[in-house]
Amino acid sequence: MTENPSTPVERADALRALHKSGDPLVLPNAWDAGSARAVVAAGFAAVATSSAAVAESLGYADGEDTPVEEMFAAVARMVRAVPVPVTADLERGYGLRPAELVERMLAAGVVGCNLEDSDPRTGALYDAEEQADLLAAVRAAADTAGVPLVLNARIDLYLRGAGDPAGRTAEAIRRGQLYRAAGADCVYPIFLAEPEGIAELVSAVPVPVNVGFKPGGPSLAELAALGVSRVSFGPGPYRVSQARIAGLLDAVRSGANPYA
């Protein structure tokens, strides 16, 4: 893998190569240039954004409430701040046509993205075939642009509590296989935390699996042993940072030394 890859193709290839079953790419998601730099300074090999954290840091709600220009401007600032590949959480693409979505990604300098298969505003799941068509169109646009963007296809069944729980993993596998065939590089069954379900998905879908780290869920070592290739922390780091800032401000208000 290229050290500090400089071209978009090199960065995309480097990001893809970091997805290894049993040795997952760990992504404590960032929300601005400062947090992106902190991720790299801590030794992580790539930076991922969190749409919820970016939105809240800009004064908006998650769920595609952030104006697309502001979201991409925030992402571009993170890209400029770090020498490693950056992948962006782009919800479901902010209503952009696939070619324009790819154009904006490349203009911002990101080489990967998350795309979710439910409506960010209503929570309703899209048909798997419709989502596969979207992924295929984004892949085709990236191919036309000559950059092998890393597409992380989010599967929202567990997040949305959709369908019969007994059949949820089977449907997640079906969606993962469809998304892989459409050109996804990775699948992300967000909110799946059950070890048996994770292992089943890893075994059945021939593409790296991304799992979200959850308090009380499997540890990083346990996720690695299950064959996970990527672990995301989502808005968690942002929420922890905000809680610590709130504690500091409480200390200031009470007259205590906030730096003690």
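Which residue in β6 stands opposite Ala153? The residue is Val187. The model is predicted; local features need pLDDT of at least 70, side-chain atom pairs count only at pLDDT 80 or more, and totals for chains, interfaces and linings use all residues. Residues are numbered from 1 along each chain as its sequence is written, and side-chain values use heavy atoms, with hydrogens and water left out.

Strand β5 covers residues 150-155 and pairs with β6 in the parallel sense over 4 bridges. Pairing requires at least two bridges found by DSSP between two strands. Helices (H or I, at least four residues) and strands (E, at least two) are DSSP runs, numbered from the N terminus. The open sheet has 5 strands in the order β2-β3-β4-β5-β6, with parallel pairing. Its edge strands, β2 (47-48) and β6 (186-189), each pair on one side only. Helix α8 (residues 168-182) packs on the sheet and touches β5 and β6. The direction of α8 makes about 160° with that of β5. Axes are lines fitted to C-alpha atoms, for helices over the stretch in contact; angles run from 0 to 180 degrees between N-to-C directions.

Ser50 lies in the loop between β2 and α3 (51-57). Ser50 is buried, at 2% relative accessible area. Buried means under 20%, exposed over 50%, and partly exposed in between (1.4 Å probe, protein chains only). Beyond neighbours within four places in sequence, Ser50 contacts Asn29, Ala30, Asp89, Gly234 and Pro235. Contact means heavy atoms within 4.5 Å.

Leu106 belongs to helix α5 (residues 98-108). Leu106 counts as partly exposed because its relative accessibility is 27%. With neighbours within four places in sequence set aside, Leu106 contacts Ala145, Val147 and Leu149.
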